[in-house]
Amino acid sequence: MKLICAPMATLSHPAFRLMIEKFGGCDEYYNEMINAPSLLHGGQFEKFYIDPSPCPQKLVWQLTSKAAEPCIEAAKVLCSIGGMGIDLNMGCCAPEIERSGAGIAWMLKPLAETEILVRGVKDALLEYEHQTGNHKRFSVKCRLGDENFTDDSFFSFTDMLVSNGVERITLHPRTKKEKYRDKPRWNYAELLANRYKGSVSVVVNGDISDSDSYKKVCSVCPSCEGVMIGRMAVQRPWIFKQLQKSQSQELNVEKNPIDLLELGLSYIDDVVKYQPPEFYKTRLQRFFTYFCMNLSFAHYAQTQMLNAKDVEDSKTRLEEYFQKVPQDRYKFSI
């Protein structure tokens with residue numbers, strides 16, 4: 001199966017992709033969702049959201065908007081930058097996103113209204129292909145829907161996507177309110193893959209955190225094209241390498257230690273390299289909230305990094321932690 005890195009707000013940027021690439025990378029990266037109106041209005045930070053470094057050939061642009069027209073126009077802009085394709089976010093259930101009419105709200109609107117968006121983006125991609133000869137894959141990331149979803153309503157929605165030219169569906173098989181509380185229903189991804197076999201690929205997302213869960217989802221969803229991993233790729237950026245070894249059964253080869261201090265310091269440096277100063281704090285805080293979960297005193301380490309005053313203070317606090325707990329520095333190997 002393909003190994004794919006999920007789109008995550010404040011995380012799926014060049015510095016994070018570079019960290020994963022240091023371990024050999026993955027098959028595809030989805031960019032953090034881009035607000036289509038902001039992109040079109042030329043906001044001062046938009047150039048940072050659309051930086052395809054360090055591997056544009058593996059990048060998928062994800063778009064969000066409360067209205068169809070900005071998404072359609074933004075898709076045209078992104079096609080000219082590069083990347084593998086365009087993805088529409090129809091799964092984000094953050095309250096502020098849904099209230100604005102974006103994210104999962106597109107699954108809850110009248111089907112005809114959502115169809116206007118899907119058809120418009122597909123037409124934009126076809127026009128780009130006609131003009132340049134370059135194909136951009138069209139995909140949608142979604143959930144099962146609202147709490148009262150039925151199989152009929154869910155498959156009517158995905159049938160609409162497919163009939164309007166969507167080539168890949170990434171499914172996080174939970175409802176709007178379930179979030180991470182309940183186990184994902186991976187079997188729905190397999191149902192989708194068989195429903196559209198030979199015409200549309202399906203990627204399954206949710207609770208894939210190690211070799212065991214990866215093997216389990218592969219057994220439940222053998223017809224799916226790939227798995228998408230989000231939070232665990234932040235906590236353990238080497239997870240794709242780990243799963244690649246699992247796929248190739250390279251389980252008995254010599255393992256190399258991972259230097260967590262060096263990894264954290266290099267990430268800080270890359271955030272400075274690829275992000276504007278206004279973003280340093282939020283990008284570092286979000287990353288280290290997950291990364292520190294690897295450590296023996298995770299809560300203490302998280303608090304230290306969240307309270308860092310600036311970039312240099314972040315480095316100092318990270319170094320001081322490993323001075324106090326040196327056994328954590330090479331805690332993992334792969």
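Select Leu40, Val77 and Ile81 and show their side chains: together they make a nonpolar surface patch of about 190 Å². This is a predicted model, and every value on the tour is computed from it.

Stay with leucine 40. It belongs to helix α2, which covers residues 36-41. Is leucine 40 buried, partly exposed or exposed? Its relative accessible area is 37%, so leucine 40 counts as partly exposed.

Next, select residues 68-79, which form helix α4. How far apart are the end C-alpha atoms of this helix? They are 17 Å apart, and this agrees with the 16 Å that 12 residues should span at 1.5 Å a residue.

Now colour the buried residues of α4: Ala68, Pro70, Cys71, Ile72, Ala74, Ala75, Leu78 and Cys79. An α-helix has 3.6 residues a turn, so residues three or four places apart point the same way. Which elements do the buried residues of α4 pack against? Show the strands β3 (34-35), β4 (59-64) and β5 (85-90), then the helices α2, α6 (105-108) and α7 (111-132); the buried residues of α4 pack against these elements.

Turn to the charged side chains. How many salt bridges does a search of the whole structure find? The search finds 19, and three of them are stops here.

Select glutamate 225 and lysine 2. They form a salt bridge, with the closest N and O atoms 3.4 Å apart. This pair links distant parts of the chain, 223 residues apart: lysine 2 is in strand β1 (residues 2-5), and glutamate 225 is in the loop between α10 (211-220) and β9 (226-229). Both ends are partly exposed, glutamate 225 with a relative accessible area of 27% and lysine 2 with 29%.

Select glutamate 98 and lysine 176. In this salt bridge the closest N and O atoms are 3.2 Å apart. Glutamate 98 sits in helix α5 (residues 95-100) and lysine 176 in the loop between β7 (168-171) and α9 (187-195), so the pair ties together parts that are 78 residues apart in sequence. Glutamate 98 is partly exposed, at 22%, whereas lysine 176 is buried, at 14%.

Select aspartate 269 and lysine 315, whose closest N and O atoms are 2.6 Å apart in a salt bridge. Here the link runs between helix α13 (residues 260-274), which holds aspartate 269, and helix α16 (residues 311-324), which holds lysine 315; the two residues are 46 residues apart. Aspartate 269 has a relative accessible area of 38% and is partly exposed. Lysine 315 has 18% and is buried.

Finally, clear the selections and view the whole protein. It has 16 helices and 11 strands. The radius of gyration is 20 Å, close to the 20 Å that the globule rule gives for 334 residues, so the protein is as compact as a globular protein of that length. Along the principal axes, the C-alpha atoms fill a box of roughly 60 × 45 × 40 Å. Of the 334 residues, 56% count as buried. The protein exposes about 14,500 Å², and carbon and sulfur atoms supply 50% of that area.

Conventions:
Residues numbered from 1 in each chain as written. Predicted model: local features only at pLDDT ≥ 70, side-chain atom pairs only at ≥ 80, totals over all residues. Heavy atoms only, no water. Salt bridge = Lys/Arg side-chain N within 4 Å of Asp/Glu carboxyl O. Helix = DSSP H or I, 4+ residues; strand = E, 2+ residues; numbered from the N terminus. Buried < 20%, exposed > 50% of the residue type's maximum accessible area, 1.4 Å probe, protein only. Patch = residues over 30% accessible without salt bridge, like charges linked within 9 Å, V, L, I, M, F, W, Y side chains within 5 Å. Areas by Shrake-Rupley, 256 points an atom, 1.4 Å probe, with all protein chains shown as cover. Expected span 1.5 Å × (residues − 1). Contact = heavy atoms within 4.5 Å. Rg over C-alpha atoms; globule rule 2.2 N^0.38 Å.
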